[in-house]
There are 4 protein chains.
Amino acid sequence: RHLCQGFTGLTSNISNSVHVVAVTQTLSMASKTQVGFVGLGNMGNPMAKNLLKHGYPVIATDVFPESCKEVQELGAQVVDNPAEVADKADRIITMLPSSPNVIDAYTGPNGILKKVKKGSLLIDSSTIDPAVSKEMAAAAEKMGTVFMDAPVSGGVGAANSGKLTFMVGGAEEEFTAAKELLSCMGANVVYCGQVGTGQAAKICNNMLLAIGMIGTSETMNLGIRLGLDPKLLAKILNMSSGRCWSSDTYNPVPGVMEGVPSANDYQGGFGTQLMAKDLGLAQNTATNTKTPVPLGSLAHQIYRMMCARGYAQKDFSSVFQFLREEEGQ
Amino acid sequence: RHLCQGFTGLTSNISNSVHVVAVTQTLSMASKTQVGFVGLGNMGNPMAKNLLKHGYPVIATDVFPESCKEVQELGAQVVDNPAEVADKADRIITMLPSSPNVIDAYTGPNGILKKVKKGSLLIDSSTIDPAVSKEMAAAAEKMGTVFMDAPVSGGVGAANSGKLTFMVGGAEEEFTAAKELLSCMGANVVYCGQVGTGQAAKICNNMLLAIGMIGTSETMNLGIRLGLDPKLLAKILNMSSGRCWSSDTYNPVPGVMEGVPSANDYQGGFGTQLMAKDLGLAQNTATNTKTPVPLGSLAHQIYRMMCARGYAQKDFSSVFQFLREEEGQ
Amino acid sequence: RHLCQGFTGLTSNISNSVHVVAVTQTLSMASKTQVGFVGLGNMGNPMAKNLLKHGYPVIATDVFPESCKEVQELGAQVVDNPAEVADKADRIITMLPSSPNVIDAYTGPNGILKKVKKGSLLIDSSTIDPAVSKEMAAAAEKMGTVFMDAPVSGGVGAANSGKLTFMVGGAEEEFTAAKELLSCMGANVVYCGQVGTGQAAKICNNMLLAIGMIGTSETMNLGIRLGLDPKLLAKILNMSSGRCWSSDTYNPVPGVMEGVPSANDYQGGFGTQLMAKDLGLAQNTATNTKTPVPLGSLAHQIYRMMCARGYAQKDFSSVFQFLREEEGQ
Amino acid sequence: RHLCQGFTGLTSNISNSVHVVAVTQTLSMASKTQVGFVGLGNMGNPMAKNLLKHGYPVIATDVFPESCKEVQELGAQVVDNPAEVADKADRIITMLPSSPNVIDAYTGPNGILKKVKKGSLLIDSSTIDPAVSKEMAAAAEKMGTVFMDAPVSGGVGAANSGKLTFMVGGAEEEFTAAKELLSCMGANVVYCGQVGTGQAAKICNNMLLAIGMIGTSETMNLGIRLGLDPKLLAKILNMSSGRCWSSDTYNPVPGVMEGVPSANDYQGGFGTQLMAKDLGLAQNTATNTKTPVPLGSLAHQIYRMMCARGYAQKDFSSVFQFLREEEGQ
């Protein structure tokens with residue numbers, strides 16, 4: 001069961017005025033040119049498969065060659081490194097764990113920019129520091145190519161089912177070309193602005209999400225200790241100004257909702273460690289832009305403490321459990 | 001204009017299973033017995049007027065006799081002190097600024113309990129520490145009377161229009177009697193559990209509200225500095241897991257929404273000082289029950305710092321302005 | 001071994017200008033009149049013994065009669081309740097766990113004030129909310145007696161050896177009479193100002209202590225992870241502006257110092273739970289006086305979280321351990 | 001008057017076992033070879049002058065040529081850029097505002113490494129991210145030269161009087177050579193360990209300093225509101241476990257001490273903006289090493305908020321003023 005499916009997903013349609021693409025199944029599969037894919041991990045793998053399903057010839061690579069096996073069996077051509085990908089494809093998607101990997105995949109000795117063709121479209125779906133996205137875009141521009149950042153919300157489940165949301169930053173005139181590919185893998189593709197704003201939107205959302213989740217957990221815990229029934233308290237909050245996604249859609253208190261990680265011992269979902277990573281990015285961007293983020297910063301520290309206390313692999317809603325346990329337990 | 005109308009109000013219907021009363025205009029006004037009302041401030045005044053409108057004879061008092069003038073002109077009988085109210089009415093509503101006032105109004109030398117009749121129903125709509133509500137209930141019980149806590153959400157606007165929400169704690173068998181009166185002044189009356197749980201629900205909601213508001217302000221500020229358009233960022237958050245009441249209903253960034261305090265230089269609404277008071281109550285109850293509330297506690301401190309920097313009278317969404325201002329300004 | 005001996009103790013002499021009493025052993029034991037003692041727990045017991053050692057006849061009571069056995073065998077007269085103590089002695093010392101116990105011991109049905117003699121001297125050494133000290137002083141004044149607050153720093157070890165420090169609040173003209181008794185039990189007796197300021201001084205010190213301890217723990221942990229030797233780092237901090245009591249006298253990192261709880265698996269010393277209690281008092285006084293205390297408040301929450309994670313009985317320097325443990329452990 | 005003289009300075013001797021150099025005036029000035037100096041700002045200027053005073057021929061450069069005027073008049077040779085410095089000197093000191101400047105001065109198109117000679121000694125006294133120090137060291141090593149980080153504590157006053165403290169990271173066998181130069185500019189030179197540990201020590205100290213300063217300010221403010229005299233409270237803290245450098249050497253409350261910024265309207269000293277920068281570095285290193293630093297992180301946010309409220313140029317002890325101001329002011 002994919003508890004995290006649609007995890008940070010956009011939950012309603014938004015108007016065209018903000019450049020959202022309502023994705024429809026592409027029927028004509030003829031004449032599709034090759035698409036490169038760098039990074040075939042938990043997320044990249046199902047994303048590449050969805051490109052194949054939509055009829056795109058895929059040129060793939062990963063630092064661990066065995067990660068390529070599955071897509072190879074489905075018809076992808078596997079090459080040695082990102083430079084080789086760039087040699088064969090002029091549209092490339094990258095999906096990597098963190099900033100250093102992205103820097104290496106683009107500007108390293110076997111990086112994409114070593115063999116990239118002029119006029120190529122490079123789309124990075126990794127979640128990284130927006131400052132790094134801007135650096136990559138500048139380096140790509142020097143080679144006469146276009147770089148866009150397009151981080152996703154939605155976990156492995158959404159990647160499998162092609163229901164990811166992409167938040168896209170980069171030159172607006174390239175957005176149509178990008179959405180053609182991204183819409184094979186996602187249900188929503190949102191244009192956010194200049195390069196780096198895709199990352200910014202993702203980081204902002206997850207910071208507010210973390211604050212809401214910890215706040216909901218503290219509040220539910222306090223209410224329970226004051227004698228309130230948790231289901232009733234959730235209902236009251238959800239009708240009132242305390243309402244948030246963590247209280248009404250992903251409640252962290254076991255027994256309040258079904259089908260969420262709190263109903264399953266905090267397994268599945270979005271790991272505490274991953275949330276800590278995203279909050280670290282938020283903290284870095286806040287520090288670099290001299291923006292005060294007192295609650296975001298404390299949320300980061302709390303998830304960091306949880307990692308130190310054994311919660312790294314549990315869903316991030318387990319902060320309720322972290323705060324709750326009784327003295328002496 | 002009453003910006004805060006419905007401010008913390010329940011925004012949708014909830015099922016009967018949680019004892020919510022769908023209020024309908026009471027038509028028969030005959031045979032109504034007297035209702036006492038103690039505390040005719042900004043909130044108490046319109047509440048008492050609504051009782052009068054519904055045909056209840058009102059016996060009123062306030063420490064400032066001039067506060068009684070308006071209801072007196074509308075037909076209320078004004079007496080000297082709470083004890084005199086208790087002498088004349090066996091259903092009494094109190095609406096006072098803080099715990100010491102409530103203690104005095106019930107157990108002081110001229111307090112309600114000095115002359116209360118057995119079997120009376122005492123309803124306190126003040127927002128105070130639930131521990132004090134329990135003390136008052138115990139003292140009332142010794143006199144053979146019933147005490148319930150019934151704090152409100154919704155500001156002066158909701159009080160005027162009879163659209164308050166009451167969160168009620170106390171003996172369940174008395175709830176029907178309480179709701180008869182409260183439904184004259186409010187649109188929703190929610191039964192929360194034993195004495196003190198009305199206060200608990202209110203305090204919990206406002207703590208989560210404060211966390212969500214500061215979190216939204218930090219997030220919007222960070223996103224703007226990272227190059228995102230504020231309206232677009234709000235839209236993305238509201239479709240995603242960062243969504244909360246402060247982002248989708250009461251956005252703190254000027255220009256994002258209309259009809260909210262941020263569109264009006266943070267005038268009207270719910271004052272920073274009042275939020276700081278409620279967060280102080282949340283902090284006290286958390287301390288007394290040994291509940292960790294790290295974000296709630298920091299939210300309290302931020303609103304306290306804002307009070308120290310001149311924001312006391314501004315709407316609590318002005319935290320966006322507090323965090324935003326540029327260096328050197 | 002009493003690791004906490006001198007724990008929060010004054011570590012150097014201070015000038016007479018601030019009313020510090022250099023305690024010398026009183027030789028003449030003749031003609032000493034009776035002293036009452038209410039509360040014979042871990043701290044009260046050795047304190048009462050020191051009064052006996054100094055030749056004072058002691059009238060003692062405790063809610064648990066068995067707690068009185070030891071002092072009874074040493075010659076104290078045991079009576080039923082605080083009122084009986086007040087009936088027999090006109091100088092009374094109280095040493096109780098928390099505010100409600102103090103309120104009961106003074107103003108309860110068998111409280112001191114029921115039988116207190118005019119002109120008595122009542123000294124409360126409990127650590128409680130200064131507002132309660134003021135209430136007790138006001139109640140005592142109505143009975144024509146004097147109440148002073150005199151909380152201690154120093155733990156059980158200091159209580160045994162008569163090396164406590166007393167921080168005294170109350171009428172300055174009564175300070176000489178108070179110090180005569182207190183100097184039998186303590187090495188330093190400091191006059192702080194009006195009633196409640198003894199409590200205030202204690203609470204302030206412990207709040208800053210908690211902040212310094214957590215700060216030192218974070219800093220040492222960060223430095224170690226950055227490759228610094230912990231002993232060298234402590235040495236550098238202690239020569240520099242990072243220096244504090246927690247870094248130079250009570251270092252929380254195992255191996256840096258000897259004779260402190262961190263050298264003994266955080267046993268002994270000052271328990272996390274007790275620190276959490278004192279921080280709760282600091283928080284309450286800050287809330288009541290509308291004083292922003294962001295770090296003090298977060299320190300409170302961290303000690304509260306530690307209590308929830310099983311650290312309640314460990315020394316408060318175990319926050320280093322709480323923050324340090326590795327992911328996956 | 002240089003209020004910040006010795007600001008974060010080491011205040012006592014430490015044993016030789018930790019490689020501290022007791023600096024003695026070097027008498028023989030003959031046969032001294034050229035020393036390069038890159039960065040002649042407020043700190044670099046007096047540092048370079050002290051090298052000249054000690055008889056070292058100096059080759060200097062700065063991005064603002066006019067900054068070189070003063071040292072030129074004192075006999076330094078001014079060249080165009082860091083590469084030219086490296087062409088003429090094989091011992092080079094850099095003193096720059098932040099990481100990007102350091103990266104450019106070493107690895108940029110006119111950077112030191114373009115023309116550095118094998119076997120040169122490169123010492124960076126800037127305060128930057130230790131990760132950048134490590135990168136520079138690795139780049140230097142590839143060119144066959146040695147890089148050490150040696151950030152300073154002590155402000156402009158200490159730079160003028162040659163009383164800085166240097167915290168040095170790098171190969172231990174090069175420490176003697178480094179100290180020969182650094183001891184011309186500083187009173188203490190401390191060896192901290194491998195490359196980056198000099199930065200780590202500096203960052204750790206300043207993080208704990210910030211925590212202690214805010215903690216002291218909160219505590220003094222709370223005590224004053226509770227009725228304590230500020231001088232008496234400072235005295236009590238300084239005798240007790242609340243003692244820290246900010247309470248006993250640099251007290252933030254006007255009137256408590258003389259000769260500190262709080263006695264001079266928070267002018268001089270160490271600016272809030274500079275402290276915010278150092279806390280940003282601490283935050284980055286903590287994030288990168290996944291170290292929880294809840295109080296350090298909140299301290300960062302508080303200094304960031306102060307910058308947003310107009311305190312950027314005031315001494316960092318002005319946090320007392322920031323927290324203190326009354327409602328309505």
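The second largest pocket of this predicted model holds about 1,600 Å³ of space. A pocket here is an open set of points on a 1 Å grid over the protein atoms alone, where a 1.4 Å probe fits, with protein on both sides within 12 Å along at least five of seven lines. Its volume is the space filled by probe spheres set on the points.

The lining of this pocket has 39 residues, each with an atom within 4 Å of a point. Among those nearest the centre are Asp129(B) and Asp129(C). α12(C) gives the most to this lining, with nine residues. Helices are DSSP runs (H or I, at least four residues).

Now turn to chain B and chain A. Each gives 67 residues to their contact, meaning heavy atoms within 4.5 Å. About 5,800 Å² is buried between them, and carbon and sulfur atoms give 68% of that area. Buried area is the accessible area (1.4 Å probe) lost when two parts are put together, summed over both.

Two salt bridges cross this interface. The term means a side-chain nitrogen of Lys or Arg within 4 Å of a carboxyl oxygen of Asp or Glu. Arg243(B) pairs in this way with Asp248(A), and their closest N and O atoms are 3.0 Å apart. On the side of chain B that touches chain A, α9(B) gives the most, with 19 residues.

Residues are numbered from 1 along each chain, and chains are lettered from A in the order written. Local features need pLDDT of at least 70, side-chain atom pairs count only at pLDDT 80 or more, and totals for chains, interfaces and linings use all residues.

Methods. Side-chain values use heavy atoms; hydrogens and water are left out. Helices (H or I, at least four residues) and strands (E, at least two) are DSSP runs, numbered from the N terminus.
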